[in-house]
Every structure is written in structure tokens, then in C-alpha cells.
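Open your viewer and keep the selection tool ready. We will go stop by stop.

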Amino acid sequence: MSAVQSQALERHDWSLEEIESLLELPLVDLLWRAQQVHRMAHPAGYHVQLASLLSVKTGGCEEDCAYCPQSMHHSSDVTGQPELQLQVDGVLERARVARQAGAHRFCMGWAWREIREGAAFEAMLQMVSGVRELGMEACVTAGMLSDSQARRLAEAGLTSYNHNLDTSPEHYDQIISTRTYQERLDTLQRARDAGISLCCGGIIGMGESRRDRASLLQVLAGLTPHPESVPINGLVAVEGTPLEGQEPWQPLELVRMVAVARILMPKARVRLSAGRERLSQEAQILCLLVGADSIFYGDSLLTTSNPAVQADQALLAAAGVASSLEAPAVG
Ligand code: SAM
Ligand code: DTB
Ligand code: SF4
């Protein structure tokens, strides 16, 4: 692809109407368009990145995100789990096991409103540099951060900071009251300014409309540059959260969301994230077909379960798609 073609693909000025009409295309037309963009932006063909997740600090979070089982505001709060916050070697051992199983990226989560200074942050920095020394990409998700924390994470070698917008600006106050949309955007900018790549996406199935989904995608595609990774989550409706009784999302709605994310952000890594246990192998293959090029890999997400490693190996084999299995350097 020429530089001119590539620039033409990367727009930041999509209107809400344009995005909404993409989301509403007849499915066969949407599949075709998304595949064309994907193939043009990835001429080397399909390659799925495997990212493993570990919850380093679980539960007891001050934020009130309605979907999250780790919020202290909900009866689902999962505190009391053994904590890994200061166990650098233990975390790195988990990263080594994930690499052995074929993971290319290791993502670590802290159920924090914002990163705190002190021993746990020093340990986080060591975990990041240790994961990088294993030859893996390192991603952290830990809430808001300051400029100096972002700089220190960058110095430790952090590849990517995950901070999701979760939903549209319009639907946001139905979901979270303890932190603003603007604070999320500011956090993303701080990570970006420190030279860390961004992992930023959202969740479907939280009572939002198609227009809300379009609006979330508009904000994501409006970021310059586009986020390097865009996780698309389907709500895992956990008992004890305010969203436990939410009507289940439709698998084809997730396919549509992935497809439009791919069309709007041709080069981003679009990660098929939470909710895969609700998708058949065939629905997951549709997601790959329309441009999902990463999955969370390993039996668990942060506090909920994820398809087994063997099932994912069977999925990639059935789809005929290469993974980043051979990619990590040995270190
Ligand atoms: N506390 C940090 C934060 O909020 O950025 C990091 C951890 S938080 C659990 C990371 C992301 O996981 C959330 O932004 C949300 O998009 C996703 N998530 C959490 N619970 C979920 C659920 N039940 N279903 C789908 N996605 C979920
Ligand atoms: C993302 O977008 N999804 C992941 C990761 N980034 C951190 C987390 C999903 C969490 C699902 C609910 C749980 O397991 O607690
Ligand atoms: Fe959960 Fe993160 Fe929200 Fe805390 S900030 S409640 S960990 S999603």
C-alpha cells in the first residue's frame, strides 16, 4: 500500500451519521467493506496477536463502574483474593508461563481509581521491565496516572497503557459517576505524551443504542493518532453488579462493532476481548474475518473466565489464521 493510500484510509473526521450507517449496513455488505479495509491495511495477511491478562490487584476499587465486579460499590466486589501487588517474581513467572503457551503480550491490571506512589508502583515498574526482558509486549491498566508516573512507566519499557472510554459520552453517566469522560481522555493524553502506545476501546451490551456505539467509535477514531489497540468487549454481566440483569447482547452486534472499528481505524489492533465465551466458534471466525487481529488468550480475564487455550488454538486452526505463537523472542 502506498503512503497516499494509507493516509486516505486513516481519517479522524468521521461523522456520527457516517458511522451509524456503517453499523447499519446489510451484514454482507459490512463484512465485505471491513475485509477490504483489513486486507489493504494488512497486506501480509491475517495474523492474530495473543495477549494474556493477569489481575495483579483485585477488587476494592473506589470507582463505581456499573459493569465491574471489582467496584467496592457493588456486592460483587471480589476483594479477599490473594494479592500479587508486591510479588514481582510471582507475576513474572505467570508471564513466562503465558509466553510458553504462545502469548506475545502480557497485560496486567490493577483495580485502582488511579496509580498510587509507593512500593506497589515500584513493583509495577519492575514487572513492566521484567516482562519486556522476556521479549513480550507489556500492557498495564491501572486507572488514572500523573505525567511523572507515565514517564517512569515509559522508562521501564511499557509498550501500551490500557484505559477504555467504555461507552459514548452521551451514555457515560448511566454507567459511571465517579470519574468523568474528560478525565479518561486526559489520562490517554498523558500516556500518549510519555510516548506509550494506547490501548483504548469499549464495551457493548450496557443498554446503549446503536447511535451510542457510533458515538464511542467516533471519539476513538477522532484520537490522533488512532489508538494502537482497540479492545472491543461484550459485557460480562456479573451477579452483584448493577448490570447483572442486562439483556444479553447479540453476537452479530459484536461482529458489527468489530467491523466498523476496523473500517474506521484500519491499522489499529482490534482486540476481541471480554465476552468471547458467549460467541460460537463461527461467530468468532466472523469477527476475525472482519478484522479482529488480537484476542485475550488464557483461561481467565481479570476476574471472570475466558475460553480455554486449547479452544483458542482450535479456533485459529479452524479459521486458518496464524497467531503470534512463534513471535516472542526468547529472553
Ligand atoms: N481500573 C482500571 C480502569 O478502569 O481503567 C483497570 C481495570 S478495568 C477492570 C479495565 C477494563 O475492563 C474496563 O475499562 C472495562 O472496559 C473492562 N471490563 C471490566 N469489567 C467488565 C465486564 N464485566 N464486562 C466487559 N468488560 C469489562
Ligand atoms: C479490556 O478492554 N478488557 C480486559 C482488559 N482490557 C483489561 C478486561 C476485561 C475484564 C472482564 C471482567 C473481568 O474479568 O473482571
Ligand atoms: Fe473496575 Fe477499573 Fe472501574 Fe475500578 S476503575 S470499578 S477496576 S473498571
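What space does ligand 3 take up? Select ligand 3: the space it takes is the largest cavity. A cavity here is a set of points, on a 1 Å grid over the protein atoms alone, where a 1.4 Å probe fits but cannot get out.

Two ground rules before moving on. This is a predicted model, where local features need pLDDT of at least 70, side-chain atom pairs count only at pLDDT 80 or more, and totals for chains, interfaces and linings use all residues. Residues are numbered from 1 along each chain as its sequence is written, chains are lettered from A and ligands numbered from 1 in the order in which they are written, and side-chain values use heavy atoms, with hydrogens and water left out.

**Stop 1: around ligand 3.** Select C61, E63, C65, Y67, C68, S71, A111 and R179, the residues around ligand 3. To count, a residue needs a heavy atom within 4 Å of the ligand. This shell holds five nonpolar residues, one polar and two charged. In this scheme Ala, Val, Leu, Ile, Met, Phe, Trp, Tyr, Cys and Pro are nonpolar, Asp, Glu, Lys and Arg are charged, and the others, Gly among them, are polar.

**Stop 2: ligand 1.** Ligand 1 sits in the largest cavity. "Sits" means that more than half of its atoms lie within 2 Å of the cavity's grid points. There are 17 residues around ligand 1, and Y67, T141, N164, D166 and V236 come nearest. Now look for polar contacts (pairs of N or O atoms within 3.5 Å). A polar side-chain atom of D166 is 2.7 Å from an oxygen of ligand 1. A polar backbone atom of V236 is 2.9 Å from a nitrogen of ligand 1. On its own, ligand 1 has 550 Å² of accessible area (Shrake-Rupley method, 1.4 Å probe). The protein covers 91% of that area.

**Stop 3: ligand 2.** Ligand 2 also sits in the largest cavity.

**Stop 4: a salt bridge.** Select R96 and E93. Their side chains meet in a salt bridge, 2.7 Å from N to O. The rule asks for a side-chain nitrogen of Lys or Arg within 4 Å of a carboxyl oxygen of Asp or Glu. By this rule there are 21 salt bridges.

Methods: A polar contact is a pair of N or O atoms within 3.5 Å; within protein, one must be able to donate a hydrogen and the other to accept it, and residues adjacent in sequence count only if both atoms are side-chain atoms. On a 1 Å grid over the protein atoms alone, a cavity is a set of points where a 1.4 Å probe fits but cannot get out, and a pocket is an open set with protein on both sides within 12 Å along at least five of seven lines; lining residues have an atom within 4 Å of a point.
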